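Please look through the structure below before reading on. The numbered notes take up a few points in turn.

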Amino acid sequence: MLLHRWPALVLGLFLVVECTSGAVLLYNGDIFRATHHQLYQDTASPVPVTPDAAVKIVEQAHPQFGATWVAYDENCWSCWP
């Protein structure tokens, strides 16, 4: 009986830790947005920015960043390496 109970308890705890850390990875974008909300403030513009223009703006401001992926998220362009 003890041979089954303790390994099951250890493996059960391991699965809880693994699932919890996996959930953090799954919601990484939402967590980043909630903790860095100042990066997602949009400003009114008469001419909307295109994805190519967004990448060029990021490259000019931070040439070492190397943005290769752009996503439109609630009125903001997000550039990712």
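Predicted model: local features only at pLDDT ≥ 70, side-chain atom pairs only at ≥ 80, totals over all residues.

1. Are L2 and L13 buried or exposed? L2 has a relative accessible area of 54%, and it counts as exposed because the cut-off for that class is over 50%. L13, at 52% relative accessibility, is exposed as well. L2 lies in helix 1, which covers residues 2–26, and L13 is also found in helix 1.

2. L13 can also be used to judge distances. Along the sequence, L13 and T43 are 30 residues apart. In space, their C-alpha atoms are 47 Å apart.

3. The chain holds three helices and two strands. Their order along the sequence is α-α-α-β-β. The chain has a radius of gyration of 21 Å, whereas the globule rule gives 12 Å for 81 residues, so the chain is more spread out than a compact globule.

4. The box filled by the C-alpha atoms, taken along the principal axes, is roughly 70 × 25 × 15 Å.

5. How much of the chain counts as buried? The figure is 11% of the 81 residues. The accessible surface of the chain comes to about 7000 Å², and carbon and sulfur atoms account for 67% of that surface.

6. The last point concerns contacts. Among those between residues at least 6 apart in sequence, 32% join residues at least 24 apart.

Technical notes: Residues numbered from 1 in each chain as written. Heavy atoms only, no water. Helix = DSSP H or I, 4+ residues; strand = E, 2+ residues; numbered from the N terminus. Buried < 20%, exposed > 50% of the residue type's maximum accessible area, 1.4 Å probe, protein only. Rg over C-alpha atoms; globule rule 2.2 N^0.38 Å. Contact = heavy atoms within 4.5 Å. Areas by Shrake-Rupley, 256 points an atom, 1.4 Å probe, with all protein chains shown as cover.
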